[in-house]
Amino acid sequence: MRIQALLREQGFLADIEGRGDRAIPRILAEQPSLVVLDLMLPGADGLAVCRKVRAGYSGPILLLTAPHGGGDGVLGLE
């Protein structure tokens, strides 16, 4: 929620969907300017959401996670 507050302070419209499985249809329907995903989402993790929306969403996707291993960055780039 801190990222949402920071974006709003800068004048952006920012909304949160707390579950990955619910984010997928919203991203595809709403086509936001930017999607920010946490890798540790319930319902569907950030990588799964990214994979499922990529064909129908051409905007940028930013994947965030707490540092715990070097492999997450490689998976996100794929």
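Colleague: How many helices and strands does the protein have?
Modeller: The protein has four helices and two strands. Helices (H or I, at least four residues) and strands (E, at least two) are DSSP runs, numbered from the N terminus. This is a predicted model: local features need pLDDT of at least 70, side-chain atom pairs count only at pLDDT 80 or more, and totals for chains, interfaces and linings use all residues. Residues are numbered from 1 along each chain as its sequence is written, and side-chain values use heavy atoms, with hydrogens and water left out.

Colleague: In what order do the elements run from the N terminus?
Modeller: The order is α-α-β-α-β-α.

Colleague: Which element has the lowest mean pLDDT, and which the highest?
Modeller: Helix 4 (residues 71–77) has the lowest, at 50. Helix 2 (residues 20–30) has the highest, at 98. pLDDT is the predictor's confidence in each residue, from 0 to 100. The protein averages 88, and 85% of the residues score at least 70.

Colleague: How should I read coordinates where pLDDT is low?
Modeller: Not in detail.

Colleague: Back to helix 2. Which residues are buried there?
Modeller: Gly20, Ala23, Ile24 and Ile27. Buried means under 20% relative accessible area, exposed over 50%, partly exposed in between (1.4 Å probe, protein chains only).

Colleague: What do the buried residues of helix 2 pack against?
Modeller: Strand 1 (35–38) and helix 3. Contact means heavy atoms within 4.5 Å.

Colleague: Where is Leu47, and is Leu47 buried or exposed?
Modeller: Leu47 lies in helix 3 (residues 46–53). Leu47 counts as buried because its relative accessibility is 10%.

Colleague: How many residues apart are Leu47 and Leu37?
Modeller: They are 10 residues apart in sequence. In space the C-alpha to C-alpha distance is 8.3 Å.

Colleague: New topic. What phi does Gln31 take?
Modeller: A positive one, about 45 degrees, just after helix 2. Most residues other than glycine have a negative phi.

Colleague: Where does Gln31 sit, and how does its accessibility count?
Modeller: Gln31 is in the loop between helix 2 and strand 1. Gln31 counts as partly exposed, at 37% relative accessibility.
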